[in-house]
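Biologist: I would like to learn how to read the packing of a model. Please take it feature by feature.

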Amino acid sequence: MLQSSWAVISLGGSVIVPDTIDTEFLKAFAALIRAHLAAGMRFIIIAGGGSTARNYQNAARELGETFPDDLDWLGIHATRLNGHLLRSVFRAEAHPKLIADPSLPIPDAKIIISAGWKPGASTDHVAVQLAKNAGAKKLINLSNIEYVYSADPHTDPTAQKIERATWAEFIALLPDHWDPGLHAPFDPVAARDAAALGMEVAVIKGGYSTEIDNYLRNKAFVGTLIA
């Protein structure tokens, strides 16, 4: 197991492709990552599928009977498309191939890019497994939300933002299982795995580059910390 200066980032597809590809975010994200590479850190970045995955999954549902493995594979291919985009952004620093199987040993590189793995395993699950393999105890989940809330703030006006939560408190907010295209701040299966590993997860809004930087520097940040 690698002892690490690794930082693991689960980069939500909703951040990469909120509607169209957010090139301005990717430029800022690349600059942030390179600044921390210069300070000696290494990164494992896992790309999500976002709207690309959901558009294909919704089209499949509209066109006929669907099966979970087909929906999963559509999502997986979307994550790999986003992952290859990231690998092209970090071509000079990243391992030349996407890591498809998180159970394999971690390659020796400044940046490792990964994406979806197999049906039944979300990119959050992949992120937790890669963090385990790398010996990393901290994982950043970048999504399109500023905080985790006690309920969906778009539908529940009493929803409260959560700045810090134990794993037990956080898992109680999640569904019991994971489904393709699930809208949740973290995969419930991955959350239970991360809790068992004693991992710390920071949920930060993707566009908040300063807050990502603050967390990487062990400073106070805007977002939710789960530990």
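Biologist: Which residues does Val8 touch, not counting residues up to four places away in sequence?

Modeller: Contact means heavy atoms within 4.5 Å. Val8 touches Ile44, Ile46, Ala127, Ala131, Ala136, Lys138, Leu139 and Ile140. This is a predicted model: local features need pLDDT of at least 70 and side-chain atom pairs count only at pLDDT 80 or more, while totals for chains, interfaces and linings use all residues. Residues are numbered from 1 along each chain as its sequence is written, and side-chain values use heavy atoms, with hydrogens and water left out.

Biologist: How many residues does the largest nonpolar core have, and which of them have the most contacts inside it?

Modeller: A nonpolar core is a set of buried Ala, Val, Leu, Ile, Met, Phe, Trp, Tyr and Cys residues joined through side-chain atoms within 4.5 Å. Buried means under 20% relative accessible area, exposed over 50%, and partly exposed in between (1.4 Å probe, protein chains only). Here the largest core has 32 residues, and Val8, Ile44, Leu139, Phe170 and Phe186 have the most contacts inside it. Two or more residues each come from β1 (6-11), β2 (42-47), α5 (123-134), α6 (167-171), α7 (188-196) and β8 (200-205). Helices (H or I, at least four residues) and strands (E, at least two) are DSSP runs, numbered from the N terminus. The most is given by α5, with 6 residues. Apart from this core lies another, of 31 residues, among them Ala7, Ile16, Phe29 and Leu86.

Biologist: At what angle do α2 and α8 pack?

Modeller: Two packed helices are described by the angle between their axes and the distance between the axes. For α2 (residues 23-38) and α8 (residues 209-216) the angle is about 20 degrees, and the axes are 10 Å apart. The two helices are therefore roughly parallel to each other (angles under 35 degrees count as such). Ala28, Leu32 and His36 of α2 meet Ser209, Ile212, Asp213 and Leu216 of α8.

Biologist: Is α8 mostly covered or mostly uncovered?

Modeller: In α8, 6 of its 8 residues are buried, so by the cut-off under 20% the helix is mostly covered. The buried residues are Glu211, Ile212, Asp213, Asn214, Tyr215 and Leu216. Their cover includes β1, α2, β2, β4 (138-143), β8 and β9 (224-226). After α8 comes Asn218, with a positive phi near 60 degrees.

Biologist: What does Ala60 count as at 22% relative accessibility?

Modeller: Ala60, in helix α3 (residues 50-63), counts as partly exposed. Beyond its neighbours within four places in sequence, Ala60 is in contact with Thr66, Leu71 and Leu74.

Key:
Axes fitted to C-alpha atoms, helices over the stretch in contact; angles between N-to-C directions. Parallel < 35°, antiparallel > 145°, perpendicular 65-115°, else oblique.
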